[in-house]
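Please look over the sequence and the structure below before reading the notes on them.

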Amino acid sequence: MDSITLIAMASIVTAGLTIALGSIGPALGEGRAVATALSSLAQQPDSATTITRTLFVGLAMIESIAIYCFVVSMILIFANPFWNHIIAQAAGK
Amino acid sequence: MRLSPDEMIFWQYGLFKLNGTIVFTWALMVVLAAGSKLITRKLFTGLERSRWQSLLEIVVTGIEKQIEDVGLRHPKKYIGFLGTLFLFVALASLCTIIPGYEPPTGSLSTTAALALCVLVAVPFFGIREQGLGGYLKSYVEPTAIMLPFNIISEISRTLALAVRLFGNMMSGTMILAILLTITPFIFPIAMSVLGLLTGMVQAYIFSILAAVYIASATRVRKPTPESDAER
């Protein structure tokens, strides 16, 4: 198996695995956050605006972990430096 | 597959490129500045006010209330910076309805620039409120061992702000582009509605996080007569 095939295979498999495993944690975390927010809303409906605002801020922080994994996977697919290097090398030969 | 509006070149002269990010950012700036200037040319109090003036008043008082809820007293000092952040990011994602438009916040340069503005603004407001010594002393709270960790947390907060906004905007436009090649009519419309929603939420999150960082930097550490009188 030559280098081009190896790099392509590793990039694609890693990109898929990154986003697949990387979305599990944030999804579970967001589920727990929303569940706790709903139960505290049921207990104290008067502070609904504060709870909702804090919930959104917390969700954004949790979501950013999934965004980091997404960005890594996009880099591997579209802006992969190893792929660009090996293609430039193969074209130069 | 275009990764960001940086790659849309409108005009090129040697090394100087006019790409999509610059053109759309300037268009947004012109809309916000010229629109506000036109509306506030003649301000009324009472029933003669125009609906545009009412719109601006709703927006400004809404942002002021949010800033006050976060814990910043005297929101008028901060509303210039925080309100601009919110309005720019919100308008950038709202205009995706217009065909041919790509949000400039989908490019890492724009979001990095906005995050750097927040990185500079936090010490600026902190020093203005507490003086240079008081602000620098906050870095060695609670003990001096925490100094490197506080510095690292400042930098990673800025990085997280930039990547969060960039990732959300870029993923919205990319999913739309991919779906347009698969199922042309109904599904991309649903996804663009979702993109609008996440754009608005991300605009709110960006400005609220900036407000929270500024609030933690300008927090009063000794009880003052003002805060005692409020209680």
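This is a predicted model: local features need pLDDT of at least 70, side-chain atom pairs count only at pLDDT 80 or more; totals for chains, interfaces and linings use all residues.

Residues are numbered from 1 along each chain as its sequence is written, while chains are lettered from A and ligands numbered from 1 in the order in which they are written.

**Chain A**
- Chain A has 4 helices and 0 strands, where helices (H or I, at least four residues) and strands (E, at least two) are DSSP runs numbered from the N terminus.
- With a radius of gyration of 21 Å, chain A is well over the 12 Å that the globule rule gives for 93 residues, so it is more spread out than a compact globule; the radius is taken over C-alpha atoms, and the rule is 2.2 Å times the number of residues to the power 0.38.
- The C-alpha trace of chain A spans about 70 × 20 × 10 Å along its principal axes.
- Buried residues (20 or more other C-beta atoms within 10 Å of their own, against 12 or fewer for exposed ones and in between for partly exposed ones, with C-beta atoms placed from the backbone) make up 12% of the 93 residues in chain A.

**Contacts between the chains**
- 12 residues of chain B are in contact with 10 residues of chain A, contact being C-beta atoms, placed from the backbone, that lie within 7 Å.
- On the side of chain B that touches chain A, α5(B) gives the most, with 6 residues.

**B:I182**
- B:I182 lies in helix α5 of chain B and is exposed, with 8 other C-beta atoms within 10 Å.
- B:I182 and B:Q202 are 20 residues apart in sequence and 27 Å apart in space, C-alpha to C-alpha.

Terms used: Two residues are in contact if their C-beta atoms, placed from the backbone, lie within 7 Å.
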